[in-house]
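Please read these notes with the model open beside you. They go point by point.

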Amino acid sequence: MSDSTLPPFPSSPLPLEAIRLQLRSWPEVERYLEACRGVIVPLGSTEQHGPTGAIGTDALTAEAVALEVGQRCGVLVTPAQNFGMAEHHLGFAGTVSLQPATLMALLHDVVLSLARHGFERIYVINGHGGNIATCRAAFSQAYATAAARQLPGAERLRCRLANWFTAAPVMQLARELYGEREGHHATPSEIALTLHLEPSLIAGQRPLPEPAPAGPIHGPDDFRRRHPDGRMGSDPYLAQPEHGSRFLACAAEALSADLQEFLRS
Ligand code: NI
């Protein structure tokens with residue numbers, strides 16, 4: 001992005017430094033907006049992922065997928081929001097949670113800031129199921145505020161939530177590799193992606209006893225009672241770093257297609 005605008009949908013992936021908002025200057029962002037009104041916001045969580053998984057699993061994975069999609073599509077990626085709504089995981093050390101109202105206000109302000117500059121397609125790449133309801137609520141609030149403030153472009157503002165782990169090809173690959181042992185939290189698919197991204201985590205892998213099955217989610221004490229080691233029906237020991245690179249490619253391909261459709265809409 002040094003002397004021309006960043007082309008949307010480049011024929012080959014752009015270098016990381018070209019698409020990270022943190023590394024761009026404001027005149028570069030102004031020029032980018034002349035060619036593309038889209039931006040990616042990675043949304044993670046900082047929460048327990050079973051006795052062997054990294055606390056940052058949802059943040060590491062969301063950011064990695066977001067950067068890969070940004071490079072493939074030539075779309076700017078904001079800094080990751082690494083704290084999410086993880087109230088039910090607070091029974092486990094290291095978890096840091098935002099209350100739903102806090103996360104909603106935060107995402108609302110992120111969208112409004114971006115919309116003020118002319119961004120009209122806000123694509124949130126999310127790594128944590130607990131963020132979904134709050135994120136959707138934040139979008140509704142942001143639309144209402146943009147209209148109430150009569151922001152230029154308020155009518156064209158669109159936000160979309162993309163959960164990388166529920167993309168159909170990702171779920172299919174997880175089923176092929178792990179079957180029922182994929183489970184619902186601290187899943188081998190997300191753990192595999194972290195092993196690929198951060199090889200130091202491989203040493204922490206070890207066989208684990210049968211996990212507690214998935215069940216309803218209430219407060220943190222109830223969660224810990226039902227799921228004493230933090231897992232919900234998953235066997236993260238099945239995760240391999242090679243699987244992780246496949247999940248990254250698979251998620252990036254699915255979400256890149258979705259983002260391109262979103263940008264054209
Ligand atoms: Ni997770």
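1. Ground rules. This is a predicted model, in which local features need pLDDT of at least 70, side-chain atom pairs count only at pLDDT 80 or more, and totals for chains, interfaces and linings use all residues. Residues are numbered from 1 along each chain as its sequence is written, and side-chain values use heavy atoms, with hydrogens and water left out.

2. The nickel site. The nickel ion has three kinds of protein donor atom to check: His49 (NE2), Asp58 (OD) and Glu190 (OE), at 1.9 to 2.1 Å. Donors are N, O and S atoms within 2.8 Å of the metal (3.2 Å for Na, K and Ca); water is not among the atoms, so sites may look incomplete. Along the chain the donors are spaced H-x8-D-x131-E. Aspartate 58 belongs to helix α3 (residues 57-73) and glutamate 190 to helix α7 (residues 188-197), so the pair ties together parts 132 residues apart in sequence. Helices (H or I, at least four residues) and strands (E, at least two) are DSSP runs, numbered from the N terminus. Aspartate 58 and glutamate 190 are both buried. Buried means under 20% relative accessible area, exposed over 50%, and partly exposed in between (1.4 Å probe, protein chains only).

3. Helices α4 and α5. Helix α4 (residues 100-116) packs on helix α5 (residues 132-148) at about 45°, with the axes 8 Å apart. Axes are lines fitted to C-alpha atoms, for helices over the stretch in contact, and angles run from 0 to 180 degrees between N-to-C directions. The two helices are therefore oblique to each other. Angles under 35 degrees count as roughly parallel, over 145 as roughly antiparallel, 65 to 115 as roughly perpendicular and the rest as oblique. Residues meeting across this pair include Leu103, Leu107 and Val111 in α4, and Ala138, Ala142 and Thr145 in α5. Contact means heavy atoms within 4.5 Å. The residues of this contact divide into 11 nonpolar, 4 polar and no charged. Ala, Val, Leu, Ile, Met, Phe, Trp, Tyr, Cys and Pro count as nonpolar, Asp, Glu, Lys and Arg as charged, and the others, Gly among them, as polar.

4. Helices α7 and α9. The axes of α7 and helix α9 (residues 241-264) come within 7 Å and cross at roughly 100°. These helices are therefore roughly perpendicular. Among the contact residues are Leu193 and His196 of α7, with Phe247 and Leu248 of α9. By class, this contact has 6 nonpolar, 5 polar and no charged residues.

5. The loop between β2 and α4. Is histidine 89 buried or exposed? Histidine 89, in this loop, is buried, at 2% relative accessible area. Beyond neighbours within four places in sequence, its contacts are Glu47, Gln48, Thr95, His128, His185 and Phe223. Valine 96 lies in the loop too, but is partly exposed at 33%. With the same exclusion of sequence neighbours, valine 96 touches Thr46, Phe83 and Gly84.

6. Positive phi. Most residues other than glycine have a negative phi. Please look at two residues here. Glutamine 150 has phi near 55°. This residue sits in the loop between α5 and β4 (158-163) and is exposed, at 70%. Alanine 186 has a positive phi of about 55°. Alanine 186 is placed in the loop between α6 (168-178) and α7, and is buried at 0% relative accessibility.
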